[in-house]
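Dear colleague,

I am passing on the structure that follows, and below it I set out what was found. Please read the notes alongside the coordinates.

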Amino acid sequence: MFNLILFGPPGSGKGTQSEKLMARYGLKHLSTGDLLRHEIANQTILGLEAKSLMDQGQLVPDEVVIGMISTALDNNPLANGFLFDGFPRTKAQSVALDKLLEDRNEAINVVLALDVTEQELVKRLLNRGLTSNRSDDVNEDVIRARIAEYHKKTSAVAEHYQQFGKVVLVPGEGTVEEIFESLSGEIDRRKAA
Ligand code: AP5
Ligand code: MG
């Protein structure tokens with residue numbers, strides 16, 4: 001198994017690169033943002049509760065996303081490995097993920113962190129807001145709130161994995177293809193080791 005966290009702020013390209021990485025490496029893609037939007041589309045109670053927080057650019061409670069990931073791990077016993085996108089997003093989520101994997105005799109192999117300037121993040125998300133149905137992309141205040149949440153709560157995830165030497169910073173600006181090749185190079189090196 002090869003378990004990867006694709007890490008980075010909102011708009012850094014996690015979703016874009018995940019599509020390509022899952023195709024190349026046969027990993028199961030687990031995006032808590034996508035799982036939550038699926039709950040919203042199905043108008044579940046969980047979805048309705050999450051929506052108001054997401055619309056303000058705030059994180060949903062740890063227990064909610066940890067529960068979703070735990071279920072997803074149980075539902076994919078034959079996976080080659082997992083690609084976590086947008087999870088973990090707090091220190092508590094990191095500790096919980098490590099425990100969930102440990103219970104399955106697994107661990108995170110590497111955290112690839114996409115490095116993108118704030119100016120570029122805002123530009124990308126406002127641009128996507130013109131055509132996407134994502135309510136958290138439409139106004140700059142909400143985009144800035146998402147980035148602020150990232151600095152306040154999510155940067156702790158990188159610190160958590162740095163203590164185990166698992167974090168690699170990857171330039172996140174350039175063409176989608178260039179960034180994909182950089183990420184693939186880091187994965188190949190670790191798979192060969
Ligand atoms: P989530 O869905 O995870 O969104 P996000 O992290 O805010 O980031 P995005 O998905 O917007 O960006 P991305 O990094 O995937 O970039 P993308 O590839 O799309 O979370 C949404 C909300 O759900 C959170 O705010 C929170 O409320 C809740 N949530 C989710 N997970 C949670 C958790 N674990 N705990 C608590 N709450 C949670 O690219 C962005 C744009 O840039 C696209 O238009 C793309 O085409 C473009 N682009 C990509 N690459 C390039 C490039 N190289 N050059 C130019 N443009 C590019
Ligand atoms: Mg995404």
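Helix axes here are lines fitted to C-alpha atoms over the stretch in contact, and angles run from 0 to 180 degrees between N-to-C directions. Helices (H or I, at least four residues) and strands (E, at least two) are DSSP runs, numbered from the N terminus. This is a predicted model, in which local features need pLDDT of at least 70 and side-chain atom pairs count only at pLDDT 80 or more, while totals for chains, interfaces and linings use all residues. Residues are numbered from 1 along each chain as its sequence is written, and side-chain values use heavy atoms, with hydrogens and water left out.

The axes of helix 2 and helix 4 come within 11 Å and cross at roughly 100°, and these two helices are therefore roughly perpendicular to each other (65 to 115 degrees; angles under 35 count as roughly parallel, over 145 as roughly antiparallel and the rest as oblique). Their contact (heavy atoms within 4.5 Å) is made by Thr32, Leu35, Leu36 and Glu39 of helix 2 together with Val64, Val65, Met68 and Ile69 of helix 4.

Helix 1 and helix 8, by comparison, pack at an angle of about 45° with their axes 10 Å apart, and are therefore oblique to each other. On the helix 1 side the contact includes Leu21 and Tyr25, and on the helix 8 side Phe180 and Ile187 are among the residues involved. By class, this contact has seven nonpolar, three polar and six charged residues (Ala, Val, Leu, Ile, Met, Phe, Trp, Tyr, Cys and Pro count as nonpolar, Asp, Glu, Lys and Arg as charged, and the others, Gly among them, as polar).

Turning to the pockets (on a 1 Å grid over the protein atoms alone, open sets of points where a 1.4 Å probe fits, with protein on both sides within 12 Å along at least five of seven lines; lining residues have an atom within 4 Å of a point), the largest is lined by 40 residues, of which Pro10, Gly11, Lys14, Arg134 and Arg146 lie nearest its centre. Helix 2 gives the largest share of that lining, five residues, and the lining as a whole comprises 11 nonpolar, 18 polar and 11 charged residues.

The second largest pocket has 14 lining residues, with Leu30, Ser31, Leu35, Met68 and Ala72 the closest to its centre. Strand 2 (28-31), helix 2 and helix 4 (62-75) each give two or more residues to its lining.

Best regards

Technical notes: Chains lettered and ligands numbered in written order.
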